[in-house]
Amino acid sequence: MITKRFKKEYIRIAFNPVQERFEVSNAAIRKDPGFIPDISTIWDSHRQTVRDFFNRLEASGSEDLTREMKDLYEDRIDRVRDLRGFLFHTVEINEYVEADEVADIFVRTNSQGVTLNQANFILTLMSVYWDKGRRQLEEFCRMAKEPDRRRPSPKNPFIDPSPDQMLRVSVGLAFRRGRLSSVYNILRGKDLDTADVSAERRVKQFDVLKRAQDEVVDLVNWHSFLKCLNLAGFRSRRMVTSDTTLLYTYILWLIGHRDTDLDPVSLQDIIARWFFMAHTTSRYSSSPETSLEADLARISRAGSDGRSFKEELDRMINVEFTADYWEITLPNLLDTSAAKSPVLSAYWAALVLLDAETLLGRRRIRDLIDDNATSSKSLPRHHLFPKAYLSTLGKTSTRDINAIANMAFVHWPADTSVGRKGPADFWPSVANRTPKERLTHQARHHALPIGWEQLDYPSFLQKRRKLIARVTREGFSLIGQEHEPISHSLQELLEAGESQTLEYKSTARFNLRAQMADKKMESVITKTVCGFLNANGGTLLIGVDDTGQALGLDMDFSTFAKHKRNADSYELWLRQRLDADLSISTAKVVDIGFEETSIGAVCVVSVNPSGKPVFARGEGSSSRHSDFWVRIGNATKQLYGYDQVEYIQDHWG
C-alpha cells in the first residue's frame with residue numbers, strides 16, 4: 001500500500017536533482033564563471049538515492065513494493081529528469097507594440113494550426129477593448145442552446161447561433177458592411193481612405209458597435225424577427241438550409257426596425273418575402289459577404305424612408321423571381337433527390353401558407369411539420385410511384401426513386417397494399433375513398449398532373465416539377481396578404497359581452513385590489529386560454545373590465561422594467577408564460593395582437609380549438625401539467641375524473 005509518507009518522499013526525491021543541479025551550478029559559477037558542472041555525476045548520485053530509498057522502505061517493512069512498482073516509479077523520476085532538456089519557445093514583444101497587434105499575435109499563437117477567419121480576429125480585438133461585448137455574444141448563444149426556464153431566452157426552432165455568426169449581424173447593422181476584413185480595420189481605428197490609425201477613432205467605432213449589438217441581442221427584436229420566418233411559411237430548422245441567409249435577413253430587419261419609419265406590419269411582410277426569396281434562390285451561398293455588402297449598399301440609399309426601404313427590397317425580389325424563374329429555373333432545380341434543399345423547403349413553406357392537407361388525409365401540413373420540428377425523425381413523405389414498381393422498370397438508383405417529384409405528404413389508407421403495382425392499378429381504388437371535391441383540392445396543392453397515374457414515369461416527374469413550381473409561386477404570393485389587424489371590430493367585441501367564445505380580463509399581472517404585481521393573476525390567463533383550446537376556441541381581451549370598458553395595459557406594463565414597458569415585451573412574456581404553463585406549444589393555435597383605444601392598448605388573444613386535449617400547470621411552480629380546463633358558457637371550469645374522461649371522448653373521439 002502506498003502511504004502519504006511515501007508519496008511525499010517520492011516527490012522530494014524526484015525533484016531534488018533538478019534543484020540540486022541548479023544550486024551546485026550557481027555556486028560553482030559564482031566562484032568560477034567558466035565552470036561547467038558535471039550533470040551526469042549528479043544524476044548517478046540521484047539514482048543511488050532512489051535505490052537507497054526503496055531499500056530503506058523494504059527493510060522497515062512499511063511499504064510493499066514489487067519489482068514492477070520500483071521500475072515504474074524510477075521510470076517516472078527519469079521523466080522528471082528529462083525536463084532538463086525541455087525547450088520553451090517564447091515570443092518577445094516590444095513594449096511599444098499596439099494592443100491590437102498583441103491581439104493578432106495572441107490569436108495566431110493559440111490557433112494551433114487552425115485556419116482563422118476574420119471573425120476570430122474581431123472577437124479577439126473585442127477581448128482587448130470590449131470584453132463585455134464578447135461575453136454578451138457568448139451568453140446569448142449559450143442561452144439559445146441551453147435556455148434558463150426562469151427567464152426569457154433566445155431559444156428558437158430555427159437556429160443555434162454561434163458568437164461569430166451573431167458578430168456578423170452586429171457589424172452588419174453597425175457599419176453596413178458584409179466584409180469582416182474591412183470591419184476589423186475599422187475597429188482598430190483605421191481610416192480606410194488614408195490608412196491612418198487613431199485611438200480616438202477606435203473608441204468611436206466601438207461605441208457604434210456597442211449600440212448595434214444591444215439591438216442585435218435584444219430578445220424582443222430577435223423573436224419579432226423570427227415571426228417573419230413563420231409568416232414566410234417556415235416552421236422548423238429542417239426547413240432552413242442556410243443559417244447565413246437567416247442571419248443576413250435579420251440584419252435587414254434590424255435596419256428596417258431601427259433606422260426607418262416603416263410600420264411593424266409592413267416590415268414583417270417585406271422581410272418575410274425577402275427571406276423566402278433569398279433562401280429559395282440561395283442568394284448568400286456564393287460570395288456571401290460580397291452579396292450582403294451589395295444589398296446593404298442598395299438599401300442604404302433609402303435612408304430613413306420606410307417606403308423607399310420596402311420598395312428597394314421588393315425591386316430586388318422581383319429581379320430574382322421573374323416569370324422565367326418560376327417556369328424554367330425552379331422546375332429544373334427541383335430535378336433532384338436531395339432530402340434537404342432550398343427549393344424543397346420553399347415548396348413545403350408554400351403548402352403551409354396554402355393551409356394544405358396531406359394527400360388522402362385530413363391533417364394539415366403545417367401541423368405535421370410543427371410536430372416534427374424538434375424530432376430527429378424524417379417527415380412522413382411517401383413515394384407516389386412505389387419503389388418496387390420502379391424496379392420492374394429498371395429504375396433502381398436513389399436519384400430516380402427518391403426524386404423530389406416522386407415524394408409527397410400522402411396518407412395511404414391502412415389496408416393499402418401497393419407491392420409491385422403501378423399507380424394506374426392502385427390509385428383509383430384509394431382515391432374513391434376521399435370526397436371528390438376534397439381530392440381535387442388536395443391534388444392541386446400536391447401538384448398532381450391530371451391523369452397522373454396513367455403517365456409514364458419520366459413524363460410524370462417533368463409535369464409535376466412544373467406544377468410544384470406553380471404551387472410554390474402561389475404560396476409565395478400569399479405572404480403578407482393574410483396578415484391584417486387581429487381584430488377588425490374591437491368595438492363590437494367590447495359591446496358583445498362575455499360568452500362561450502369571449503372573455504374579458506382587466507389585467508394579467510397586476511392585482512387591482514392589492515395594487516401590486518401578483519403571480520396568481522397570470523395563472524388565471526393560462527386557465528382561460530386552456531379552456532378555449534379545449535372547447536371551440538375564442539377571444540380573450542386583456543385590459544378590459546367585466547362590463548366591456550377598456551382599461552388599457554398600463555397597470556400590467558408597470559410590472560416590467562422601464563425599458564420593457566411596451567407591447568413587444570408584453571407579447572414575449574405572455575407567449576413564454578403560455579408555453580411554459582400549457583402542455584402544448586401555442587405557436588400554431590394562439591395569436592397575440594394589440595388594438596389601440598382612447599384609453600390605451602388592449603391585448604387581443606385569439607385562440608383556435610386544439611386538435612388534442614390540453615392541460616395546464618397546477619398550482620405551484622413545480623407542478624406538472626395536470627389541470628384540465630374547459631370553456632362552458634361564459635365561464636372556464638375545471639373537469640375531474642369521469643367528467644374529464646367523458647368530455648375528452650365526446651369532444652375528440
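1. Start with Arg301. This residue is exposed, with a relative accessible area of 64%. The cut-off for exposed is over 50%. Arg301 sits in the loop between helix H13 (288-300) and helix H14 (306-320). Its C-alpha atom is 9.2 Å from that of Glu312, a residue 11 places away along the chain. Bear in mind throughout that this is a predicted model.

2. Asp314 counts as buried, at 16% relative accessibility. Lys310 counts as partly exposed, at 30%.

3. Next, a salt bridge that spans the sequence. Arg176 pairs with Asp259, and the closest N and O atoms are 2.7 Å apart. The pair links distant parts of the chain, 83 residues apart. Arg176 lies in the loop between helix H7 (163-175) and helix H8 (180-187), while Asp259 belongs to helix H11 (residues 243-259).

4. Glu503 and Lys505 form another salt bridge, at 3.2 Å from N to O. Glu503 is buried, with a relative accessible area of 7%. Lys505 is buried too, at 19%. The cut-off for buried is under 20%, so Lys505 falls within it. Elsewhere, salt bridges that share partners join Asp355, Glu357, Arg364, Arg366, Asp367 and Arg438 into one network. The whole structure holds 37 salt bridges.

5. Now the nonpolar cores. The largest has 98 residues. Which residues have the most contacts inside it? They are Phe234, Leu246 and Phe276. Take Leu246 as an example. Leaving aside neighbours within four places in sequence, Leu246 is in contact with Phe158, Ile159, Trp222, Phe225, Leu229, Val240 and Phe275. There is also a second, separate core of 27 residues. Its members include Ala508, Phe560, Leu578 and Cys603.

6. Turn to the sheet. It is open and has 4 strands, in the order S3-S6-S8-S7, with mixed pairing. Which strands lie at the edges? Strand S3 (502-505) and strand S7 (590-596) do, and each pairs on one side only. From one strand to the next, the twist averages 20°. In general, the strands of a sheet pair through backbone hydrogen bonds, either parallel or antiparallel.

7. One pairing in detail. S7 and strand S8 (residues 601-607) run antiparallel and pair over 7 bridges. Val590 has Val607 in S8 as its bridge partner.

8. Finally, the helices lying across the sheet. Helix H24 (residues 519-533) lies across S3, strand S6 (538-542), S7 and S8. H24 runs at about 165° to S6. Helix H26 (residues 567-581) lies across S6, S7 and S8. The angle between H26 and S7 is about 155°.

Key. Residues numbered from 1 in each chain as written. Predicted model: local features only at pLDDT ≥ 70, side-chain atom pairs only at ≥ 80, totals over all residues. Heavy atoms only, no water. Core = buried A, V, L, I, M, F, W, Y, C linked by side-chain atoms within 4.5 Å. Buried < 20%, exposed > 50% of the residue type's maximum accessible area, 1.4 Å probe, protein only. Contact = heavy atoms within 4.5 Å. Helix = DSSP H or I, 4+ residues; strand = E, 2+ residues; numbered from the N terminus. Salt bridge = Lys/Arg side-chain N within 4 Å of Asp/Glu carboxyl O. Pairing = 2+ DSSP bridges. Axes fitted to C-alpha atoms, helices over the stretch in contact; angles between N-to-C directions.
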